[in-house]
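Dear colleague,

Please find below the structure that I am handing over to you, followed by a short account of what was found in it.

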Amino acid sequence: HHTRTWEYYVHYIDFGDGFRADLGFVPQVGYSFFDTGVLYNWYDDDPNHWYNQVEIWVGYELTRDQRDRRLREVYGSFLSWNGPRQSWLFATLYVGKQTYMERPFDHNTLNWNMGFVPVGDLQLGFSGFYGDAVDYSGARQGKRLRLAPEVLLFAGTHFRLTVGHNYERLWVREGRLYTAHLSEVRAVYQFDSRSFLRIILQNADYEFNGDLYPHPVEPRRKSLLSQALFSYKVNPQTALYLGYSDGYVGDSRVGLTQVDRAVFFKIGYAWVL
């Protein structure tokens, strides 16, 4: 049931063990999912007010396999806020349990995504995660922290630049398991409605505590990716793509070394039958 201010719902879905979705977007089968919740909205049409819209949700989620064993059971709540200068905040809190290798693990997590537009051509964002996690390599309880700032710059109507960084760390009882840094710069120039040029630079740096893994791991792994792509749309059904990409990898013994380089050309055409 959905009105302008209230929403309450019950949702149930069941995927059998033999379900096939080769052409779809179902990443898991053999489970049932039950979800229910209540949501309330506040609105204010005054652009100078401290909020334009506020939403609060509380709910319950339960996932079981086809043998009726619990995979995940949580109570949750989220807060969504939109305010002046196109500012926003979305935070989700879950408290409950999840199961891995038939063992229960804590699943108390906090996710958030926030940002605002200080000036017309600049957007600042910051998302993150903190809470319980599972070390799947060792089937252990852990804590995970992820911080992801992002800057989005528009230069006129043609150019867009995005600079972002992801920092993530996972701890287990014995200590830090890994630390990851992932940085990306993405620039797009839209010549007109038919053509654009996109350039991507992505750098990844991982540090692993090999003493805490049940199997041998390389203590350091790095990679660098660059890609340039030009696209031209001939008509709504035909597009041409010309691009270049290369990749570098390294570890604790060898610095960044180029491992691939490619120039590619692609024609996309939709046949009308």
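The chain contains 0 helices and 15 strands; both are DSSP runs numbered from the N terminus, with at least four residues (H or I) for a helix and at least two (E) for a strand. Its radius of gyration is 23 Å, well over the 19 Å that the globule rule gives for 273 residues, so the chain is more spread out than a compact globule. That radius is taken over C-alpha atoms, and the rule is 2.2 Å times the number of residues to the power 0.38.

Please note that this is a predicted model, in which local features need pLDDT of at least 70 and side-chain atom pairs count only at pLDDT 80 or more, while totals for chains, interfaces and linings use all residues. Residues are numbered from 1 along each chain as its sequence is written, and side-chain values use heavy atoms, with hydrogens and water left out.

Along the principal axes, the C-alpha atoms fill a box of roughly 60 × 50 × 50 Å. Of the 273 residues, 29% are buried (under 20% relative accessible area, with a 1.4 Å probe and protein chains only). Among contacts (heavy atoms within 4.5 Å) between residues at least 6 apart in sequence, 42% join residues at least 24 apart.

S80 lies in strand β4, which covers residues 70–83. S80 is buried, with a relative accessible area of 13%. Leaving aside residues up to four places away in sequence, S80 touches Q53, V54, E55, L89 and F90.

With kind regards

How values were computed
Buried < 20%, exposed > 50% of the residue type's maximum accessible area, 1.4 Å probe, protein only.
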